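Here is a short report on a protein model.

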Amino acid sequence: MKKKSRSFKKELIYSFFSITLVSIVLLGIIQIYQLSSLIDENQKSQAQTTKFLGDYIINYVQEYQTAIETRVPDIKEEFAGRNIATIQKQLRYIKDKYPGFINLYMGDRNGEALVFYPEITEYEDVVKKQNFSDRQYYKELLEKKETVISSVFPGRGGSNNLLVTIAVPILGEDGNLDGYILGALDLTSLEEHIKQRSFGKEGYAVVLDHKNNVIIHPDFSTKVELVNLSDDPIVTYINAEHAQHGGEYFKQNGSGKVFITYEKLNVFGGWTIWIGKPASVLTNTYKNAIFTIIMFIVIIAIVMVGISYFFANRLEKTIRNLLQYIKAYTNGYWDKMVELKNVSGPKEFEELSIHFSGMIEEVERNKDELIKLNTELETRVQERTANLKSRNLELRAVNKLITSVSSEKDIADFIQHCLKEIKPFLDYSIHVFFQDQAVTSEKIYRNQNLFDYLKMQMAGVQQHIEPIHIENFYNGYLLVDLSSEQSIKASDQEFLHTFAGSLAVMLQNKFLFETIRNKHAVLEAVLDSMSVGLMLINNQKIVEYVNEFFLQVVTLEKGMRVIPEMCEDLTENHELYDIEDVFKRIIDLFDVNKQDLQAFFMDKKGEIKLEYKQKSMKPRYYILHKFSVMLDDDVIGEGLMLRDITKEEEIDTLKNNLISLTSHEFKTPITNIKGSVETLLRPEVEWEPEFQQELLEGVHEDIERILDLVNDWMDISKIESGSLYVEREMISAELVIQKSLEQIPLALRADAVFHFRNILRKDFPLYADKVRVQQVLVNLFTNALRYNDAEVKKIDIHLNMEKDYFTISVSDNGIGISKDDIEKIFNHFYQVDVTATRRRGGTGLGLAICVGIMEAHEGKIEVMSEPGNGSTFTLLFPVMKGRE
């Protein structure tokens, strides 16, 4: 049985509809996939924000913890002598510098608070002595003997704010608890800072301590009550997970689902933070997009059916007219012939083929009619050709919009460029209104209102408006200014709609390009600002990226660094083109074993230490690490990370110097003490009282020498930790100098001449610590006398004022200091003449301590010297305005 064929109209409609539907569905699937990826990116961004928030909380609390721990050595020393007033000053110092502490206590091993500050609360109540031995954190302090941070609790002692206690132990020589320092930290400033941060639309942050007590929560006020969330489903889920971080959706009562990302902090006993955001914020865009796509498919399908029906109907009429014409001609019914108008279709061709053979027999007799038919056909061809030319012009106009979005033009200039490109193809005056800006091909109007612009700038009596849709935040309009004689044809109206859509796509691409370019610039700035060198090499061993730090390290030329402007051109000039170039450069610059470097690049060693070959420069040391670069699960290359470890090497050298100095400087006095004591303890000899006195005086001098060494090391330790304390007051400079001269040993100043001159010719007031200033002056006087081979040792002391500094200068006629040594004499353990120093004694710490003391006074120390012509050391004390 022969299958029934479809009509031409149905065939054309089905074809148009099928092609359109498949294309739109594929585009919809791609769009949905992109939206799904956007939701994943939002979730990752929320997780990163949670991580940053956790790091901020750790740094915030540890800063206050460190503030107490750095004062423990000083308070321990004062506590041993029961200097309550001094301890209270130390607590006041902490409170003034770190106002986040509500109050501070220092107590004994039994938990009883002996010293507290402030003594009066903000409510004018006097603080009473307290005993903390029953507190949980004090029990933990006894057990662990290390710093303990308590769980949060409502404020006590005159405060309604949420507090956390930081308890730091004071340990004795036997390692047992002698006392403690306790600070009550107000978490209000932490809470305010976190609440002011932005966590995205409707986002919020929650912080709990290790007992799940609320520190920060948008639904609870910590000033009203202490809330525990141990039974909260979110807390139960986080505690049940073994991961330190993660994310999950939760159902909230009455408010839908919420997506949370959390972090478990391994400090302070295990605090927990999470950031929550309603799931609707993440998914509404996705749902709206799916709904829009579905509606778009339905609308386009209806439109395409209508368009295909329109064209199919026109073509079908022509074929039927042609068929009727042939039938009429064959049958001789001339008065019933119909006019041919359009093209053919499938079913009608079957009938046409049947009757066409009969029409051939009548060709000669109907020659005139055939000529007429040919004339009509040529007319239709010309019309069709004109129509195709018009479409071709429209395509050329749209093609002009395909311009580069990477240009430096702003949005308005970009739109104006597009209007200039299509101006030759339109007879209308085109305006584009977008983001409060109106743009024509000749002019740009900024800060415009749409209705005011239509009223003031449009010359015609009517306007045609096409919307320009770009996502949800940017909308504009394509305005056509029409005079009374003008009207828009259907074809032009369709073209304007297409033009508006094409312009929307170009603008959206422009926005996306600017966003990506800005992110790329930020990433490149971060990498170039790193204090660690970074180089990325692809799988073909070609250098893909190298930051400025890495370039500056590996491009030293004869001890000189290349200028920063050259760094951008290094890879283009093939100075660091591939891994072989990097290998050769490292061999040329650094003192490294070639076999070790080869083993490193062959993945046999994870890191390698590098040292510059140029001995004339200050020694520099680096560690070179290598790591794999992953994209998804694929290795796309490897990276080199270069880190400067010069500081660590210097610290290691200082440690070795300290060990060497200790063994040398302590050995002589301890040997002397041992010999003297053994002599006095001999039972078979009865010593003269004068001889015993002489031995005991020698023991006393050796003990003093050891104490001086210990004091120097303690001062250096305080200076390095930033805890050197100076108690400044108004003192007389002349009196300080006189007292300092009296402290010099008589044997050292026996053959010295001191000359003092006050250039100001008046009393010289200093706002300084008298004891510490005397320590500096005694060190300078002693060095001036020790390093002096003149028969008469002359010391000149001058008082003066230079700009904003009071100055004390100490000049001598000693051996002087070479230019190379001047740059190093303030370094730890550095001694100018090793042989002479060993003969005269010394630790090499004196001038380093002087620098630390002057910096604690906000001053400085300067030196001028030449070998054989003596030295001049100048102390500069800042003038304290209002204290003169």
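The text below takes the hairpin, then the salt bridges.

This is a predicted model: local features need pLDDT of at least 70, side-chain atom pairs count only at pLDDT 80 or more, and totals for chains, interfaces and linings use all residues. Residues are numbered from 1 along each chain as its sequence is written, and side-chain values use heavy atoms, without hydrogens and water.

Strand S27 covers residues 860-865. Helices (H or I, at least four residues) and strands (E, at least two) are DSSP runs, numbered from the N terminus. Ile861, Val863 and Ser865 point to one face of S27 and are buried. Buried means under 20% relative accessible area, exposed over 50%, partly exposed in between (1.4 Å probe, protein chains only). S27 pairs with strand S28 (residues 871-878) in the antiparallel sense over six bridges; pairing takes at least two DSSP bridges between two strands. Ile861 has Leu875 as its bridge partner in S28. Five residues separate the strands of this hairpin, and Gly868 in the turn has a positive phi of about 85 degrees.

**Salt bridges.** The whole structure has eight salt bridges. Each is a side-chain nitrogen of Lys or Arg within 4 Å of a carboxyl oxygen of Asp or Glu. Three of them are among those listed here.

| Pair | N to O distance |
|---|---|
| Asp55 and Lys51 | 3.4 Å |
| Glu638 and Lys541 | 3.6 Å |
| Arg620 and Asp644 | 2.2 Å |

Asp55 and Lys51 both lie in helix H1 (residues 8-69), four residues apart. Arg620 and Asp644 form a salt bridge. This pair links distant parts of the chain, 24 residues apart.
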